[in-house]
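Let's take a walk through this one together. Have the sequence and the 3D view open as you read.

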Amino acid sequence: MYDDIVRSDSSLRRFLHGLPGVDQVGCEARAAGLATRSIKTTAKAFAIDLAIRMVDLTTLEGQDTHGKVRALASKAMRPDPADPSCPATAAVCVYPDMVATARQTLGDSGVHVAAVATAFPSGRAAMDIKLADTRDAVEAGADEIDMVIDRGAFLSGRYLDVYEEIAQVKEACGDAHLKVIFETGELQTYDNVRRASWLAMMAGGHFIKTSTGKVQPAATLPVTLIMLEAVRDFREQTGQMVGVKPAGGIKTTKDAIKYLVMVNEICGEDWLDPDWFRFGASTLLNDLLMQRTKMTTGRYSGPDYFTLD
Amino acid sequence: MTSPFEYAPAPESRAVVDIKPSYGLFVNGEFVDGRGTSFKTVNPATEEVLAEVAEANEADVDEAVKAARRAYTRVWSRMSGAERAKYLYRIARIIQERGRELAVLESIDNGKPIKESRDVDVPIVAAHFFYYAGWADKLKYAGFGDTPLGVAGQVIPWNFPLLMLAWKIAPALACGNTVVLKPAETTPLTALLFAEICQQADLPPGVVNIVTGAGDTGRAIVSHPDVDKVAFTGSTEVGKAIARAVAGTEKKVTLELGGKAANIVFDDAPLDQAVEGIVNGIFFNQGHVCCAGSRLLVQESVADEVMSRLKRRMATLRVGDPLDKNTDVGAINSAEQLAKIRELSEIGEAEGAERWSAPCELPANGYWFAPTVFTGVTQAHRIAREEIFGPVLSVLTFRTPSEAVEKANNTPFGLSAGVWTDKGSRILSMANKLRAGVVWANTFNKFDPTSPFGGYKESGYGREGGRHGLEAYLKGADD
């Protein structure tokens, strides 16, 4: 239905620049207002379990090894070995060369394997290399691909290039789900975030994702607010749902709950599901587990009672 | 509709406040009995009687004015500005220290949600005292002289009990005046707690006097011959009566009255933020705001989109227990006000406007009104002309900027207006043409002690807040 819009660079540009603008002060005030919601008792317990199920447990380091990835994958399946009622995370997120290891460990546990591809995190490589990177990860067993957009092309206004890149990577993904990373810390303005969101949704992205985690600021509440508004409006226009994944910098249960409140009040309950909202995080999980234990036992225990990976 | 993510109740504790069974008047630094017939103040969210409050009759008011006069001549007007500032700073700090107590008490007595009393009212109250404390020793540089007027008689409304008290008392005291203040009869408790704060701050007796009561008490203050200055915030009707009562006397008057503000949304506006601004403009404080954006003027080309976004947003407003930290819209302040809101809403329907209310469950007891919007409203409808002073929005459309200006100005009021557009030049041009004391651009209901506030036409005269706010409490060259 967007064929006319993506016909040329200028028609695409007209569409993206015709989206309603974002008032920075108002947007930040709204996000801050939602962050004052007080989530207690049963609501908190619900939110913690949901947040655990939404975590893409991530390791994206130069020092990653197969051993590290195996440990991470084990943790994703059984985050709290002491409590079998604790749900598994949504996925583990690794570099493409670690996909096979993650897949092997996870087996048919239902935990997805997400791989960052397309010359993550900078995205600075030739198109065929990005596509090869994607296919490689899918062949190794990734069922989710987290791609980065070409921020250089976006910032210089070559929106059609970005659109086509996303569409091609999607094709290379085959059956794997595609998450499109904007690196909002580099796009800088909320108007840009809104435009990037529409661009990625029109190009067929299953998820839109804030950041790689390698650039500051990574995920913020106002940026996620803009993206949630975009997926909400997109469904109203097309009937299609797109997921949202804030990533980077979300470290505490308190933070995670603020995001879930925002999902609940901006998009509604349909998005309160790991299929439609994820947290890209590494340290968040242990804080969620600690708070979960506190909710069930009434006591805080120390970090040594939770596994490191 | 039940969401799986149902927020559990998160009530703020009432334990921080200590409501006494009965309250007297605060005159000359002490609590004394009133000679009138005492009245009850109720919690509008539950209809629970909170306390018995003394009513000041003419003789009580006379004593309060005498105490204020004594304090003025013997102590306060002789004190240096720097010394007066110390008291004001002390009061401001105590307000911050006792902020939670003040916020909870305000929500209990007024019905406003705790998140507003905690995050808006009380912080701005403290900021007002800090701000005017800073002026007390710099009056010479404000440009209005540095001679106080004497005794100020001040009558305030029930919508922002403590904040209106701060707007009145802080500049008056900073300029060297003493005051006799009457809080509204439905919301006297925070003013009486403020009286305790004055004691705690060792404010000299008689500098601040709080007399409680209804219309008769207010009349006694306004018409008292030894009052030099009358400051009133409230309805246009009472404002007119006050203007008549003081006509021909030496009394200086400032009036801050009603409004029917236009909130104007152009087609290039940041729509999501504009919707927030519309919601904040009319549902903040249950719409009990004189500068509320009660008339939405939306450009026809985006009217449908704005309305569907607005209704979706309104459906997420949480109406209920004012003390719950997640409540967005609290209780209507009184049965009387609720009846007025209902009456005008029924008139709106009878006149053919289309009514839509947010789907929400209202508590069984107390005074409640669901956030409501009327579409298909024209300038000829009463709900487009009269102040409803409740959570009721009237939506009108316009085609061109000049039509927006015409419609916005076509009202006997002129307190505030809002303009939503991405175009800076249009903001400036609209602000020049709108006859309203405050024009907000891409925001609404923002208050700051440094910014003057006041109206055109039937919205009153005089300015409160900022440097301008000092003028009302100083003797100018022509006085």
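To begin, a word on terms: two strands count as paired if DSSP finds at least two bridges between them. Keep in mind, too, that what you're looking at is a predicted model.

With that in hand, turn to chain B and find B:Phe39, which stands opposite B:Val53 in strand E5(B). E5(B) covers residues 48–53 and pairs with E4(B) in the antiparallel sense, over five bridges.

Now hop over to chain A and helix H5 (residues 99–106). Six of the eight residues of H5(A) are buried, so the helix is largely enclosed by the rest of the structure. The buried ones are A:Val99, A:Thr101, A:Ala102, A:Arg103, A:Thr105 and A:Leu106. What covers them includes helix H4 (66–77), strand E2 (91–94), strand E3 (112–117) and helix H6 (127–139) of chain A. Just after H5(A) comes A:Gly107, with a positive phi of about 55°.

Last stop: where the chains meet. The contact draws 24 residues from chain A and 20 residues from chain B. On the side of chain A that touches chain B, the elements giving two or more residues are helix H2 (24–34), helix H3 (41–54) and helix H12 (253–267) of chain A. H3(A) gives the most to that side, with five residues. Sorted by class, this side of chain A has ten nonpolar, seven polar and seven charged residues.

Key. Residues are numbered from 1 along each chain as its sequence is written. Chains are lettered from A and ligands numbered from 1 in the order in which they are written. This is a predicted model: local features need pLDDT of at least 70, side-chain atom pairs count only at pLDDT 80 or more; totals for chains, interfaces and linings use all residues. Helices (H or I, at least four residues) and strands (E, at least two) are DSSP runs, numbered from the N terminus. A residue is buried if 20 or more other C-beta atoms lie within 10 Å of its own, exposed if 12 or fewer, and partly exposed in between; C-beta atoms are placed from the backbone. Two residues are in contact if their C-beta atoms, placed from the backbone, lie within 7 Å. Ala, Val, Leu, Ile, Met, Phe, Trp, Tyr, Cys and Pro count as nonpolar, Asp, Glu, Lys and Arg as charged, and the others, Gly among them, as polar.
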